[in-house]
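Please prepare a short briefing on the fold shown here.

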Amino acid sequence: MRSLLVVKDGKVIFERYGDELTRNHNYELYSVTKTVTALLTGILVGEGKLSPNDAVAPALSLAHPEFSQALADKGSLRLTNLLSMSSGLYYQTRQGTDPLYYDTPNRLQLAVNTQPKLVPGTRFDYTDVNPVLVGAIVSSAAGQHEDAFAKKRLFEPLGMAHYRWTGPDGTGAVSGGWGLRLRAMDMAKLGQLMLDGGKWQGRQIVPQSWVTQMATPSPAASDYGYYCWIRHIVEDRPEFGAMGFKGQFITVLPQENAVVVMTSLLPTSMDLRDSPYINLYRRMVRGYILPALHPTSRPILSAKRTAALHAELELSRHSQGTPGTATAPNDTPEL
């Protein structure tokens, strides 16, 4: 574990870091990036520049006429299918060397050449070509690269710091599905934004109706909306949020008026619903955080207990954690 934050009633009530990290370190968020892409899509929907029912092929062909032929077999594909991971597109990932992730001259070219295998909207299939296509549509509608649009319309309005969107391809375009680096505190801001229906400090950043749509299950999956997992961590109450590989989480708990954020390097598997890092995080939220938010009796404070708690937290801050999975260069925290 690298960071753990709990926000309750708009206030940070718990904030701790391990491995001598600080508030100002940022982290590779992996698929948490997708949720940010969904929020940016919502901003453009609110401005009338996009609609979930937009046909993907015409939208991309207008901005990238060189891909019109490759998009010809995707006439029934809609933006809503991409956002709900039900596009029907199939992409065979090559572990460790896949050009979609590593040093590709044009990531969009790889994505548009993906072959349709199923009728759009019929089955949930988590594939990273979907957010690549959404990111390209966002960039086209915004008139600038997705990371530049995010900076202007999301990161700066929320007062974020030390953010970076890594991995641009040869055209300068970032991926809509991974590569974003944020501080844990700024992840918490995104959680609070979603908890408050797209509003930040009285200003509507993302339409409330869009945040509701993000957290509504799609016809293809009962636990997934628009790049947003639903009742994925806590099943017995309202809960939604973002999840990234190796244990990056933003969890929104409307009933508790709370947000939980964690960054980590925990054991992994390719199972999206039952990976070790998900189960470890579930145990933390269900077994410790939720009970602390619903105490059966008021905690008894004493100088001795408070000192013991601070000593334990200080010890954990300086303890060197052991990664639970293989690390990559991008897993190194940055200041």
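Helices (H or I, at least four residues) and strands (E, at least two) are DSSP runs, numbered from the N terminus. Leucine 83 lies in helix H3. This is a predicted model, in which local features need pLDDT of at least 70 and side-chain atom pairs count only at pLDDT 80 or more, while totals for chains, interfaces and linings use all residues. Residues are numbered from 1 along each chain as its sequence is written, and side-chain values use heavy atoms, with hydrogens and water left out.

**Nonpolar core**

- A nonpolar core is a set of buried Ala, Val, Leu, Ile, Met, Phe, Trp, Tyr and Cys residues joined through side-chain atoms within 4.5 Å.
- Buried means under 20% relative accessible area, exposed means over 50%, and partly exposed is in between (1.4 Å probe, protein chains only).
- The largest nonpolar core has 98 residues, and those touching the most other members are Leu40, Leu82, Leu154, Leu190 and Ile250.
- Contact means heavy atoms within 4.5 Å. Leaving out residues up to four places away in sequence, leucine 154 touches Val36, Leu39, Leu40, Phe149, Leu190, Leu193 and Ile205.

**Leucine 83**

- Leucine 83 has a relative accessible area of 0% and is therefore buried.
- With residues up to four places away in sequence not counted, leucine 83 touches Ala38, Thr41, Val134, Trp210, Tyr224, Gly225, Tyr226 and Tyr227.
- Leucine 83 and threonine 41 are 42 residues apart along the chain, and their C-alpha atoms are separated by 9.4 Å.

**Salt bridges**

- A salt bridge is a side-chain nitrogen of Lys or Arg within 4 Å of a carboxyl oxygen of Asp or Glu. The whole structure holds 15 salt bridges.
- Glutamate 47 pairs with arginine 153 in a salt bridge whose closest N and O atoms are 2.6 Å apart. Glutamate 47 is in the loop between helix H1 (32-46) and helix H2 (56-63), and arginine 153 is in helix H6 (residues 146-155), so the pair ties together parts 106 residues apart in sequence.
- Glutamate 47 is partly exposed at 35% relative accessibility, and arginine 153 is partly exposed at 24%.
- Arginine 164 and glutamate 334 form a salt bridge, with the closest N and O atoms 2.6 Å apart. Because glutamate 334 lies in the segment after helix H10 (303-318) and arginine 164 in strand S6 (residues 164-165), this pair ties together parts 170 residues apart in sequence.
- Glutamate 334 has a relative accessible area of 23% and is partly exposed; arginine 164, at 40%, is also partly exposed.
- Lysine 246 and aspartate 331 form a salt bridge, their closest N and O atoms being 2.6 Å apart. Lysine 246 sits in the loop between strand S11 (240-244) and strand S12 (248-253), and aspartate 331 in the segment after H10, 85 residues apart.
- Both lysine 246 and aspartate 331 are buried.
- One network, made of salt bridges that share partners, joins Glu47, Lys49 and Arg153.

**Helix H2**

- Val56, Ala57, Leu60 and Ser61 are the buried residues named in H2. They lie on the same side of H2 because they cover an arc of only 115 degrees around the axis, the arc being that of the directions from the helix axis to the C-beta atoms.
- Pro58 and Leu62 are exposed, on the face of H2 turned away from its buried side.
- Cover for the buried residues of H2 includes helix H3 (79-83), helix H4 (107-112) and helix H5 (129-142).

**H1 against H5**

- Lys34, Thr37, Leu40, Thr41 and Leu44 in H1 meet Pro131, Val134, Gly135, Val138, Ala141 and Ala142 in H5.
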